[in-house]
Amino acid sequence: MSSPLLKVENLTKHYMLRQGFLTKDGPLVRAVEDVSFSVDAGETLCIVGESGCGKSTLARLLMRIVEPTRGRVLVDGTDIAGLDARALRAWRRRMQMVFQDPYSSLNPRLTAAQIITEPLENFERLSRKQRDALAADLLHKVGMRPEMMHRFPSELSGGQRQRLGIARALALEPSLIIADESVSALDVSVQAQILNLLLQLQQQMGIAFIFISHDLSVVDYIGHRVAVMYLGRIVELAPCEALFAKPIHPYTEALIAAAPVPDPTRPRSMPPLDGEVPSPISPPRGCAFHPRCPFAIERCRIEMPSLVPMTDGRSVACHVRSPAQDIPRKGLLNEIR
Ligand code: ADP
Ligand code: MG
């Protein structure tokens with residue numbers, strides 16, 4: 001069997017907070033904890049969860065912008081931590097990122113043509129003519145007119161800037177694009193245009209996407225599979241359709257219940273989420289969701305549930321809802337305590 005395009009094993013990132021200028025290390029922020037998943041070529045994996053649950057940290061770990069505390073990132077079966085500078089450059093070419101705010105991630109002093117072809121110049125020497133031809137081609141791919149290549153970011157609309165960010169990502173013909181809240185700042189109608197563009201690029205070029213969003217309606221539209229994160233961990237990983245038809249983890253259920261659903265016939269059994277996301281500096285013992293969970297039992301307060309594969313291709317980390325987990329024998333709870 002061929003290895004997946006991307007495989008992530010037990011990926012963990014703890015940030016050490018500094019207390020003050022001369023003081024020793026402060027508390028640990030457990031931004032990403034023990035995250036494992038894989039992405040196949042041409043697939044879209046969405047990552048959802050409330051603000052602060054570790055989505056952007058996960059993206060930075062995948063891009064190797066930050067180093068993991070633990071765990072591995074494998075690309076076509078090769079651990080990227082072991083790559084030398086040259087192999088790392090080749091890897092960076094295959095994986096590109098599109099950010100939330102295209103304005104702050106685009107250099108305001110460069111024209112669209114320079115922005116799009118900048119990543120290429122690190123790899124290949126281009127004449128002005130070659131560069132313009134390439135920029136025109138890339139602008140065409142993202143649905144912009146070639147004249148736009150002479151504009152500066154400040155002369156473009158939000159949607160055009162995001163298209164430009166995508167064109168820049170496409171310049172190196174990546175196998176995988178990580179989009180971190182890439183449409184969140186845009187109006188709904190512009191969001192739909194950008195999502196359709198991404199779907200079209202995926203069909204044409206077979207690009208895989210890791211699509212990070214806090215917005216479930218966007219995920220429903222674009223995703224093949226979804227990973228739901230809570231306080232740094234994946235609590236449910238499922239094919240999109242199955243997840244929206246029948247969320248299993250109580251947190252997933254609450255998120256879907258809280259989202260404005262386009263289809264009002266979908267059942268809503270769960271009351272809206274109460275309370276705040278706890279701090280990743282001192283996450284609750286046991287299941288991190290238990291203080292907000294209406295179904296929590298004694299075991300949830302004590303023991304962290306692991307992500308257990310179910311029969312329909314999904315995995316769920318819940319003592320109450322994933323029947324594959326053994327119910328501890330009588331007396332075991334007391335032993336744990
Ligand atoms: P999300 O993208 O889901 O909103 P982030 O990955 O940005 O979440 O943040 C996850 C947690 O890690 C948050 O509690 C955030 O404050 C913390 N965090 C992120 N980056 C750093 C950093 N460089 N130093 C310390 N803490 C950080
Ligand atoms: Mg983020």
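How many nonpolar, polar and charged residues does the lining of the largest pocket have, by class? The lining has 11 nonpolar, four polar and five charged residues, where Ala, Val, Leu, Ile, Met, Phe, Trp, Tyr, Cys and Pro count as nonpolar, Asp, Glu, Lys and Arg as charged, and the others, Gly among them, as polar. This is a predicted model, in which local features need pLDDT of at least 70 and side-chain atom pairs count only at pLDDT 80 or more, while totals for chains, interfaces and linings use all residues. Residues are numbered from 1 along each chain as its sequence is written, chains are lettered from A and ligands numbered from 1 in the order in which they are written, and side-chain values use heavy atoms, with hydrogens and water left out.

**The largest pocket**

- A pocket is defined on a 1 Å grid over the protein atoms alone as an open set of points with protein on both sides within 12 Å along at least five of seven lines, and its lining residues have an atom within 4 Å of a point.
- The largest pocket holds about 430 Å³ of space, a volume being the space filled by probe spheres set on grid points that are joined across faces, edges and corners.
- Its lining consists of 20 residues, and Met63, Arg92, Gln96, Pro119 and Leu172 are those that lie nearest its centre.
- At least two lining residues come from each of α2 (85-94), β6, α4 (112-121) and α6 (158-170), and α2 gives the largest share, with five residues; helices (H or I, at least four residues) and strands (E, at least two) are DSSP runs, numbered from the N terminus.

**Cavities**

- A cavity, by contrast with a pocket, is a set of grid points where a 1.4 Å probe fits but cannot get out, and there are four cavities of 30 Å³ or more.
- The second largest cavity has a volume of about 60 Å³, and among the residues that line it are His249, Cys287, His290, Cys293 and Cys318.
- This lining divides into seven nonpolar residues, three polar and no charged.

**Strands and sheets**

- Strand β4 (residues 70-75) pairs with β1 in the antiparallel sense over five bridges, and two strands are said to pair if DSSP finds at least two bridges between them.
- Valine 75 in β4 stands opposite leucine 6, and valine 75 also stands opposite threonine 78 in β5.
- β4 and β5 form a hairpin with two residues between them, and aspartate 76 in the turn has a positive phi of about 50°.
- Elsewhere, eight strands form an open sheet of mixed pairing in the order β6-β7-β8-β3-β9-β10-β12-β11, with β6 (95-98) and β11 (308-309) as the edge strands, each of which pairs on one side only.
- Within this sheet, six bridges join the antiparallel strands β9 (residues 225-230) and β10 (residues 233-239), and alanine 227 stands opposite leucine 237 in β10.
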